[in-house]
Amino acid sequence: MSNQTIPLDAETKAIEMPEDHRDELRLWLRLLTCSTLIEGEVRRRLRDRFDVTLPRFDLMAQLDKTPEGMTLSDLSKRMMVSNGNLTSLVDRLVASGHIERRVSEIDRRAQIVNLTPAGRSEFRAMAAEHEAWIAEIFGGLTQRERKELMRLLAKTKLSARNAITGVAQ
């Protein structure tokens, strides 16, 4: 084994020097570490198994929920990405035959995008494996622990929203 030092992540540093950090900061770092670990693994598996990026998967997931399609503007809002970033994703998925675009009958300036039958079929196969990966990742928690974590995260989300909007707690 090498004597090479492994760099510590922010959460580990905070735990090793707790006098330097408030509980809230350590909690934030724990959440960030968990999110980063899980997202990195999902990205790796999508790339290795399906040769697809997480943004492409996310775009296809949004379109799978709306069989009639969505405008690029609505899709951009749902995905919280700029129209410019979305346009290049859409172009690549159109080129690969996963989605199609058409001019809106209501507003001729707007484009509607939706999954092609082949795109929907491929996405659903990816989604099924993705769901199994997530179950595996959270497999170390009991059902009771998952429910409690969901409850606490919902409370955390409300606390964050209230802090952002200035609502007293």
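**Helix against sheet.** I began with helix H5, residues 83-95, and found that H5 lies across S2 and S3. The angle I noted between H5 and S2 is about 115°. I am working from a predicted model, so I keep that in mind throughout.

**The sheet.** Next I looked up how the strands are arranged. There are three of them in an open sheet, ordered S1-S3-S2, with antiparallel pairing. I marked S1 (70-71) and S2 (99-103) as the edge strands, since each pairs on one side only. A reminder to myself: strands of a sheet pair through backbone hydrogen bonds, either parallel or antiparallel. I then checked S1 against S3, residues 111-115, and found two bridges joining them in the antiparallel sense. Which residue of S3 is the bridge partner of Met-70? I found Val-113 in that place.

**The largest pocket.** I moved on to the largest pocket and wrote down a volume of about 550 Å³. Its lining has 18 residues, and those closest to the centre are Leu-31, Cys-34, Phe-138, Leu-149 and Leu-153. Two elements give two or more residues to this lining, namely helix H2 (23-50) and helix H7 (143-165). Which helix supplies the largest share? I put down H2, with eight residues.

**Helix H7.** H7 has 23 residues and spans 33 Å from its first C-alpha to its last, close to the 33 Å expected at 1.5 Å a residue.

Note on methods
Residues numbered from 1 in each chain as written. Predicted model: local features only at pLDDT ≥ 70, side-chain atom pairs only at ≥ 80, totals over all residues. Heavy atoms only, no water. Pairing = 2+ DSSP bridges. Helix = DSSP H or I, 4+ residues; strand = E, 2+ residues; numbered from the N terminus. Contact = heavy atoms within 4.5 Å. Axes fitted to C-alpha atoms, helices over the stretch in contact; angles between N-to-C directions. 1 Å grid on protein atoms, 1.4 Å probe; cavity = no way out; pocket = protein on both sides within 12 Å on 5 of 7 lines; lining within 4 Å. Points joined across faces, edges and corners; volume = space filled by probe spheres on them. Expected span 1.5 Å × (residues − 1).
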